[in-house]
Amino acid sequence: MARRVVEPKIRGFICTTAHAAGCAAHVQEQVARVEGKKFPSSGPGTALIIGASTGYGLASRIVATFGAGADSLGVFFERPAQGERTASAGWYNSVALERMARERGRRVWSVNGDAFSDAVKLRSVELLRREFRPVDLVIYSLASPQRTHPRTGQLFRSVLKPVGQGFTSKTLHTDRGVVDTVHLEPASEEEIAATVAVMGGEDWLLWMEALAAAGVLADGVKSVAYGYLGPQLTWPIYRDGTIGLAKKDLERTVDRIDALLRPLQGKAHIAVNKAVVTQASSAIPVVPLYISLLFRAMKERGCHESCGEQMERLFAERLYAKNLPDGAVDGEGRLRLDGWEMDPAVQVEVLRRWQLVTTENLRELGDPDGYGADFLRLFGFGLPGVDPLEPVETESFLETCGGLAG
Ligand code: NAD
């Protein structure tokens with residue numbers, strides 16, 4: 001066993017260390033908030049969350065488990081501690097979540113491995129058959145830089161680039177607090193296709209086909225994948241860029257999954273979530289500056305939300321709501337959770353600040369400190385009640401890890 005003081009080590013937009021006790025406190029904080037709320041009794045009894053260890057997937061698993069009282073299988077790709085290296089944050093999050101869930105009598109299992117592979121799908125199906133009742137809810141929340149195609153073995157690497165023409169924009173170096181200009185060359189056809197292969201809908205469909213063929217889906221099953229639209233400011237790099245094309249492909253998959261689930265009276269959805277700080281969003285050029293200005297504008301209006309709060313509304317006011325509030329579903333049939341982000345008053349303010357923002361006035365116009373604090377919290381740093389100077393156990397085990405890696 002290895003107890004030691006763990007500090008954040010930030011390299012660009014990633015942090016290479018994670019704090020086990022801090023990650024547990026972060027999960028505990030979200031669990032406590034969810035448990036303080038009332039959820040519809042019609043929620044899922046069993047949930048499968050693919051991409052369950054961080055960000056929106058973790059928040060979904062927390063709401064399913066501690067809000068709706070569901071048993072859950074979580075699929076993710078995380079690293080246990082090895083020698084001097086701490087485990088990844090998602091590993092510690094999952095260890096903490098499973099302990100808290102078991103304490104409350106929930107059934108929880110995890111599969112740690114490449115969700116794009118047939119092996120992980122098979123292992124998940126085996127566990128669902130052996131350990132769970134049929135699945136009422138499948139959340140698809142993967143964010144990955146690459147995918148090995150399970151049939152051809154081809155490795156696809158996604159890129160975050162504009163499409164058609166280059167894009168020059170303000171951006172923020174979050175590690176240094178510097179507002180700078182970035183120029184991004186347009187993606188090649190090959191890069192566009194690779195990004196669609198990684199982040200588009202094919203793998204979601206393969207998961208649903210595998211689950212349906214194995215007979216582990218319940219009548220009335222729902223499946224949800226997450227998308228983002230955002231304002232015009234970010235369209236060249238997001239909505240109209242390579243990632244946006246992949247998301248459009250994901251959206252088109254809804255019809256095929258609906259057809260697959262028809263015999264079960266099941267339904268597939270895209271939920272359009274608001275921008276939040278996660279490991280995935282930190283990697284997108286331009287977006288962290290937008291998020292920093294957005295957070296300030298939303299906090300000033302009292303409508304800022306975290307991943308957890310978004311997922312609470314997804315469950316209580318969208319997926320399992322008796323009556324849908326206005327604006328809950330858009331003309332394309334997507335569940336919208338980004339209404340407060342996209343509120344014209346918020347967007348006008350963000351745009352005004354965008355035109356003015358420089359390194360010197362960033363603190364005045366934006367919320368770089370809030371961004372930085374959220375970023376550190378993703379890795380378990382800066383949580384109240386966690387002493388950063390206290391040595392912490394870095395090794396931990398997922399007791400109900402159904403394989404594969406770790
Ligand atoms: P994240 O980086 O926090 O989480 C990614 C998850 O995917 C982790 O659990 C990770 O372990 C898992 N994962 C990655 N590669 C895997 C693999 N090969 N096999 C198994 N698991 C793997 O990301 P996030 O921001 O929460 O994104 C989740 C979804 O939400 C994405 O579809 C993203 O586009 C969408 N979304 C994000 C935002 C945002 O602002 N972050 C906004 C709207 C929608």
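Trainee: Leaving aside its neighbours within four places in sequence, which residues is serine 396 in contact with?
Mentor: In this predicted model, serine 396 sits in the loop that runs between β15 (392-393) and β16 (401-404). Once neighbours within four places in sequence are set aside, the residues in contact with serine 396 are Trp91, Tyr92 and Val95.

Trainee: Does serine 396 count as buried or exposed?
Mentor: The relative accessibility of serine 396 is 18%. Because buried means under 20% relative accessible area, serine 396, although it is found in a loop, counts as buried.

Trainee: And serine 306, where is that residue found, and what is its relative accessible area?
Mentor: Serine 306 is found in the loop between α9 (287-301) and α10, and, leaving aside neighbours within four places in sequence, it is in contact with Arg33 and Val276.

Trainee: Which residues of α1 meet α10, and which residues of α10 do they meet?
Mentor: Helix α1 (residues 20-35) and helix α10 (residues 307-319) pack at an angle of about 35°, with 10 Å between their axes, and their crossing is right-handed. The residues of this contact divide into 1 nonpolar, 2 polar and 3 charged. On the α1 side they are Gln30, Arg33 and Val34, and in α10 they meet Gly308, Glu309 and Glu312.

Trainee: Which helix supplies the largest share of the lining of the second largest pocket?
Mentor: The second largest pocket has a volume of about 380 Å³, and of the 20 residues that line it, the closest to its centre are His26, Gln30, Ser306, Cys307 and Leu378. The lining divides into 6 nonpolar, 9 polar and 5 charged residues. At least two lining residues come from each of α1, α2 (55-67), α10 and α14 (368-378), and the largest share, 4 residues, is supplied by α1.

Trainee: How is isoleucine 62 placed, and what separates its C-alpha atom from that of leucine 97?
Mentor: Isoleucine 62 belongs to helix α2 and is buried, with a relative accessible area of 1%. Leaving aside neighbours within four places in sequence, its contacts are Val27, Gln30, Val31, Val34, Gly67 and Leu97. Although isoleucine 62 and leucine 97 are 35 residues apart along the chain, the separation of their C-alpha atoms is 7.5 Å.

Trainee: Which elements do the buried residues of α5 pack against?
Mentor: In helix α5 (residues 189-199), the buried residues are Ile192, Ala194, Thr195, Ala197, Val198 and Met199. The elements that these buried residues pack against are β8 (146-148), β9 (155-157) and α7 (242-261).

Conventions
Residues are numbered from 1 along each chain as its sequence is written. This is a predicted model: local features need pLDDT of at least 70, side-chain atom pairs count only at pLDDT 80 or more; totals for chains, interfaces and linings use all residues. Side-chain values use heavy atoms; hydrogens and water are left out. Axes are lines fitted to C-alpha atoms, for helices over the stretch in contact, and angles run from 0 to 180 degrees between N-to-C directions. A crossing is left-handed if the near helix is turned anticlockwise from the far one by less than a right angle, and right-handed if clockwise. Contact means heavy atoms within 4.5 Å. Ala, Val, Leu, Ile, Met, Phe, Trp, Tyr, Cys and Pro count as nonpolar, Asp, Glu, Lys and Arg as charged, and the others, Gly among them, as polar. On a 1 Å grid over the protein atoms alone, a cavity is a set of points where a 1.4 Å probe fits but cannot get out, and a pocket is an open set with protein on both sides within 12 Å along at least five of seven lines; lining residues have an atom within 4 Å of a point. Grid points are joined across faces, edges and corners, and a volume is the space filled by probe spheres set on the points. Buried means under 20% relative accessible area, exposed over 50%, partly exposed in between (1.4 Å probe, protein chains only).
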